[in-house]
Amino acid sequence: QVQLVESGGGSVQAGGSLRLSCIGPRDVFENNPMGWYRKPPGKMSELVASMTAFGDTYLADPVKGRFAISRDNAANTVSLQMNHVNFEDTGVYYCAAVGTSLWGQGTQVTVTA
């Protein structure tokens, strides 16, 4: 069974930083753009950031200038560096092969005062 496994979630104070990482099978990383979605409490999931194998990136407007996505194709990992977090960044963050049903189990990020 294909698995994407996230790590790095937790509680962080507003204004602080957190780094999420995801590892998965090589063929998934080779054949798909990889991204991070988040599901805030009571809201729909939204794409936060994505990156193709060639390095093309997308960042949602609310996180531009604060978050950065990177991937290591040799290590089959994709990471999300979250800086200057605010309360609206709270939610469950999912690693996914964009445009597919391949999602990780999610990791909780909670921004505190």
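## A buried serine to start

At 12% relative accessibility, S50 counts as buried (buried means under 20% relative accessible area, exposed over 50%, and partly exposed in between, with a 1.4 Å probe and protein chains only). S50 belongs to strand β5, where strands (E, at least two residues) are DSSP runs numbered from the N terminus. Setting aside neighbours within four places in sequence, S50 touches M34, G35, D56, T57, Y58, I69 and V98, a contact being heavy atoms within 4.5 Å.

A word on the model: it is predicted, with local features needing pLDDT of at least 70 and side-chain atom pairs counting only at pLDDT 80 or more, while totals for chains, interfaces and linings use all residues. Residues are numbered from 1 along each chain as its sequence is written, and side-chain values use heavy atoms, with hydrogens and water left out.

## The sheet around it

Let's step back to the sheet. Six strands make up an open sheet, ordered β2-β10-β9-β4-β5-β6, with mixed pairing; two strands pair if DSSP finds at least two bridges between them. At the edges sit β2 (10–13) and β6 (57–59), each pairing on one side only. On average, neighbouring strands of this sheet are turned by 25° against each other, direction ignored. For that angle, axes are lines fitted to C-alpha atoms, and angles run from 0 to 180 degrees between N-to-C directions.

Strand β4 (residues 34–39) and strand β5 (residues 46–51) run antiparallel and are joined by five bridges. Within this pairing, M34 stands opposite M51 in β5. In general, strands of a sheet pair through backbone hydrogen bonds, either parallel or antiparallel.

## An aromatic cluster

Now for the rings. The whole structure holds two aromatic pairs; rings of Phe, Tyr and Trp (its six-membered ring) pair if their centres lie within 6.5 Å, and planes under 30 degrees apart count as stacked, over 60 as edge-to-face and the rest as tilted. One of these pairs is Y37 with W103, stacked at 4.4 Å centre to centre with 25° between the planes. Y37 lies in strand β4 and W103 in the loop between β9 (91–97) and β10 (107–112), so this pair ties together parts that are 66 residues apart in sequence. Y37 is buried at a relative accessible area of 15%, whereas W103, at 35%, is partly exposed.

Y94 and W103 form a tilted pair, with 5.5 Å centre to centre and 55° between the planes. Y94 counts as buried, with 18% relative accessibility. Together, the ring pairs link Y37, Y94 and W103 into a cluster.

## The disulfide

The count comes to one disulfide, meaning a pair of cysteine sulfur atoms within 2.5 Å. C22 is joined to C95, with an S to S distance of 2.1 Å. Because the torsion about the S-S bond of C22 and C95 is about -70°, the disulfide is left-handed. C22 lies in strand β3 (residues 18–23) and C95 in strand β9, so the pair ties together parts that are 73 residues apart in sequence. Both C22 and C95 are buried.

## R19 on strand β3

Strand β3 also contains R19, which is partly exposed at a relative accessible area of 43%. Apart from neighbours within four places in sequence, R19 is in contact with S7, G8, S70, S79, L80 and Q81. The side chains of R19 and Q81 make a polar contact at 3.1 Å. Such a contact is a pair of N or O atoms within 3.5 Å; within protein, one must be able to donate a hydrogen and the other to accept it, and residues adjacent in sequence count only if both atoms are side-chain atoms.

Key. Helix = DSSP H or I, 4+ residues; strand = E, 2+ residues; numbered from the N terminus.
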